[in-house]
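Dear colleague,

Please find the structure below, handed over for your own work. My notes on what was found in it follow directly after.

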Amino acid sequence: MTIFTFTALVASVSFLAGLLGSLTGLGGGVVLVPLLTILFHVDIRYAIGASLVSVIATSSGSAAAYIKEGFSNIRIGMVLEIATTTGALAGAYLATWIPTVALAIIFGVMMIYSAFVSRRVRPPEQRNLPPDPLATRLRLNGSFPDLEGRRRYNVQRVRTGFSLMFGAGALSGMLGIGSGALKVLAMDQAMQIPFKVSTTTSNFMIGVTAAASAGIYLSRGYIDPGLAMPVMLGVLAGSFLGSRILVKAETRKLRVVFAVVILVLGLQMLYKGIWGHI
Amino acid sequence: MTTPASAPEPNGSAGPTPAAPVNAATARTTRPPAPSWSDHRIEVMLAKVLRFGVIASSAVVLCGAVIYLAFHGAQPANYRVFQGEPSDFRTIPGIFHAALHARGRGLIQLGLLLLISTPITRVLFSVAGFLLEHDRLYVICTVIVLAVLLYSLLGSGLLL
């Protein structure tokens, strides 16, 4: 395969991943690494480096659009970013140290878990809970525009959320993904942040988290310009188009399909990791 | 958000203004500049930083891509074996050196470096925003995040 065909193919696959990722809200990064390693036989370390770059691009691009709507809470973002960035540093160092086979297995488990999280029914939001005293001290409680005007919310269990976000950061740094599935655990379930606020705020944080590990990947030679270029441009274009047609598209069936794709790729990564074919 | 949100904000334009000033000139003299720095204004500023960073870095990557494909498009691709990048693509001086010689891969790597710096710039602007809000607690939080990011970018051998 010549570099030209390789670039064109990787760009098209990345475009599709970005499009589906933004349409379903599940993120394209989680399918990119397995697609690059399984379909294109790229070394998993190059794949993770390229995926990390695309995560920064899509997060920064869509955060810009979200901020204007007034859902995101920069205070929650800033506090949790302390956890995610230190976690990402730890994860990136870990990734340079553990064997690629182990990386593939962790990746597979993470994908299977993500597929299940995306299918689970969200429990009804509990409103008007008393805030965690720490949340009040850090002034994390906020409000967002709702149908009946601005709705206030109180943040719960800050310490638990903070520790879980350290784990999310570590996985993001180790696997080059946004790790939205763990964010659901930390922000939606532990901290009881309303869905729209947690989604837009975590999207805001993902770029900063990925940047914390990207420096280490770059200096270790894991980011190859020839591979990262089509991945970044493809994912960015795909997710941009996705956010434009999101309003009109019926995404429920698409979510099911994409969750199945994630599950199948996750099983394949697990299989390859266990048999050492990576 | 700490500032009390004024009830209806039709198009989310201006931040919450405590009491509508009768005329702008007196408002400026009687009111200290601090309250006008709401969280929402910081966020809108950050959105601009992010958008600019993504557009600029994509443009540089695209330029590099054209040069790279024009010169190397016909060569065979090989990513099966991990070799690690040469120092030209691993360190900041190396990347600038390669980019200045209009080498395609060097330009792409410069664009990627710009992209990685975009969230870091965002955090830098947040520090400024919280300083303007006189919010010491959050200035400290933000500086911690900035330190971690700068350590990753500069302390991990990228400068050598």
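In chain A, helix H8 (residues 180–190) packs against helix H9 (residues 195–219) at an angle of about 130 degrees, and their axes lie 10 Å apart. H8(A) is therefore oblique to H9(A), since an angle counts as roughly antiparallel only over 145 degrees. The crossing of H8(A) past H9(A) is right-handed.

Please note that this is a predicted model. The mean pLDDT of chain A is 85, and 95% of the residues score at least 70. Among the elements of chain A, the highest mean pLDDT, 92, belongs to helix H4 (residues 74–95), and the lowest, 79, to strand E1.

Helix packing between the chains

H4(A) also packs against a helix of the other chain, namely H5 (residues 136–154) of chain B; the angle is about 25 degrees and the axes are 9 Å apart. H4(A) is therefore roughly parallel to H5(B), because angles under 35 degrees are counted in that way. The crossing of these two helices, H4(A) and H5(B), is left-handed.

The hairpin in chain A

Strand E1 (residues 142–146) of chain A runs antiparallel to strand E2 (residues 149–153) of chain A, and 5 bridges join them. E1(A) and E2(A) form a hairpin, with 2 residues between the strands. Gly142(A) has Tyr153(A) in E2(A) as its bridge partner, while Asp146(A) stands opposite Gly149(A) in E2(A).

Helix H4 of chain B

Just after H4(B), His134(B) adopts a positive phi of about 55 degrees.

With kind regards

Terms used:
Residues numbered from 1 in each chain as written. Chains lettered and ligands numbered in written order. Predicted model: local features only at pLDDT ≥ 70, side-chain atom pairs only at ≥ 80, totals over all residues. Pairing = 2+ DSSP bridges. Helix = DSSP H or I, 4+ residues; strand = E, 2+ residues; numbered from the N terminus. pLDDT = per-residue confidence, 0-100. Axes fitted to C-alpha atoms, helices over the stretch in contact; angles between N-to-C directions. Parallel < 35°, antiparallel > 145°, perpendicular 65-115°, else oblique. Left-handed = near helix turned anticlockwise from the far one by under 90°.
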